[in-house]
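Please look over the sequence and the model shown here, and then read the briefing that follows, which is grouped by topic.

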Amino acid sequence: MKKRYYVLAAVILLVIVFWGIAGQRRGEGSAEEKKSIRIGVTLYRGDDSFINTIRGKIEEQAKEYEKETGIKVVMDIVDAKGNQNTQNSQVDRFISLGYDAICVNMVDRSMASNIISKAMDAGKPVVFFNREPVEEDMRRWEKLYYVGEDAKESAVLQGNILVEAYQKDPSSLDLNGDGKVSYVLLEGENSHQDSLIRTEWSIQTLKDGGVPLEKITGGIANWERSQASAWMEQWLAEYPEEIEVVICNNDDMALGAADALEREGLDRPVKIVGIDGTPQGLEGLKNGKIFGTVQCDSREYANVIFQIAAAEALGQEVGELVKLEREKYYECSQKTLTAQ
Ligand code: GAL
């Protein structure tokens with residue numbers, strides 16, 4: 001009699017165990033059944049114009065996705081305010097809340113390894129964007145992605161805006177007719193992959209395009225309008241007659257340079273070029289403050305960040321939805337915009 005009970009108990013136990021395993025499998029394979037996903041996004045600085053534009057577009061993407069798929073998207077976007085420790089804690093919180101995917105705009109791009117280790121331990125995919133971790137970090141896991149722009153491409157396009165203007169009419173850049181185009185340079189953060197490459201290739205493109213260049217001076221304005229404006233004010237005081245062109249690594253700094261020119265009330269048509277094509281940049285282009293800019297398609301940029309995160313959250317094959325390079329990189333397309 002006792003033996004029978006044991007057998008029965010063993011059978012019941014087996015059924016429970018198998019049911020449990022099968023249940024788990026059903027759960028694992030339930031990509032299509034999952035009705036909601038949770039994505040955490042942390043920004044290096046929410047007051048950066050370009051990043052703010054991308055943020056708005058990511059939110060739009062989430063809404064469109066909800067409408068199209070019926071899958072609810074819980075999206076938590078936080079601002080690290082330029083502090084890497086704050087950002088690390090934000091990622092810890094995303095992980096402890098069990099978010100399905102994490103999108104990170106690194107404060108310090110050389111410090112990604114800490115975040116990567118935690119995400120790997122928790123099995124949470126990470127989509128980095130705009131501030132590129134070093135390749136060694138990116139190679140650590142197949143669930144790490146990077147979305148950005150090709151900095152050389154931005155720079156070549158920017159340089160070509162000025163090359164074309166010079167070829168059409170040299171005096172549009174060489175304002176004093178001394179046979180040289182005298183420029184000042186406003187650069188982004190020195191630790192940012194985009195700053196160095198944009199500067200190098202913008203100048204190289206002008207040289208390759210046959211523009212006779214002369215550098216007056218340059219400075220690092222960390223992507224910021226106010227810092228750029230302060231530099232420009234100083235340079236206008238030092239070189240009141242010389243500056244003909246202002247080459248800027250982004251639109252905000254181009255607008256800062258324009259602010260200083262406006263304050264000075266200079267009547268020389270100094271040409272200012274930027275990169276980003278932010279709404280503020282486009283406004284500056286429209287009212288003649290900026291001569292040209294290079295715009296990345298921010299909708300495409302945000303769409304790719306979101307698609308990768310959502311696909312990972314649902315356990316879908318990312319490579320089938322987004323065309324990636326080296327299985328983890330995506331570079332957004334860009335175009336030039338000029339005042340004329
Ligand atoms: C650059 C962009 C800048 C600034 C920076 C922040 O790609 O051109 O305006 O947003 O990223 O990392």
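Helix axes are lines fitted to C-alpha atoms over the stretch in contact, and angles run from 0 to 180 degrees between N-to-C directions. The model is predicted, so local features need pLDDT of at least 70 and side-chain atom pairs count only at pLDDT 80 or more, while totals for chains, interfaces and linings use all residues. Residues are numbered from 1 along each chain as its sequence is written, and side-chain values use heavy atoms, with hydrogens and water left out.

**Helices α3 and α4**
- Helix α3 (residues 84-96) packs against helix α4 (residues 112-122) with the axes 10 Å apart and at an angle of about 5°, where helices are DSSP runs (H or I, at least four residues) numbered from the N terminus.
- Because angles under 35 degrees count as roughly parallel, α3 is roughly parallel to α4.
- In the contact (heavy atoms within 4.5 Å), residues of α3 including Val91 and Ile95 meet residues of α4, among them Ile115 and Ala119.

**Helices α2 and α11**
- The axes of helix α2 (residues 49-69) and helix α11 (residues 298-313) come within 8 Å and cross at roughly 55°, which means that α2 is oblique to α11.
- Among the residues that make this contact are Phe50 and Ile54 of α2 and Tyr301 and Phe306 of α11.

**Around the ligand**
- The residues around the ligand (a heavy atom within 4 Å) include Phe50, His192, Asp194 and Arg198.
- An N or O atom in the side chain of His192 is 2.8 Å from an oxygen atom of the ligand.
- For Asp194, a polar side-chain atom lies 2.8 Å from an oxygen atom of the ligand.

Methods: Helix = DSSP H or I, 4+ residues; strand = E, 2+ residues; numbered from the N terminus. Parallel < 35°, antiparallel > 145°, perpendicular 65-115°, else oblique. Polar contact = N/O pair within 3.5 Å; in protein donor to acceptor, adjacent residues only side chain to side chain.
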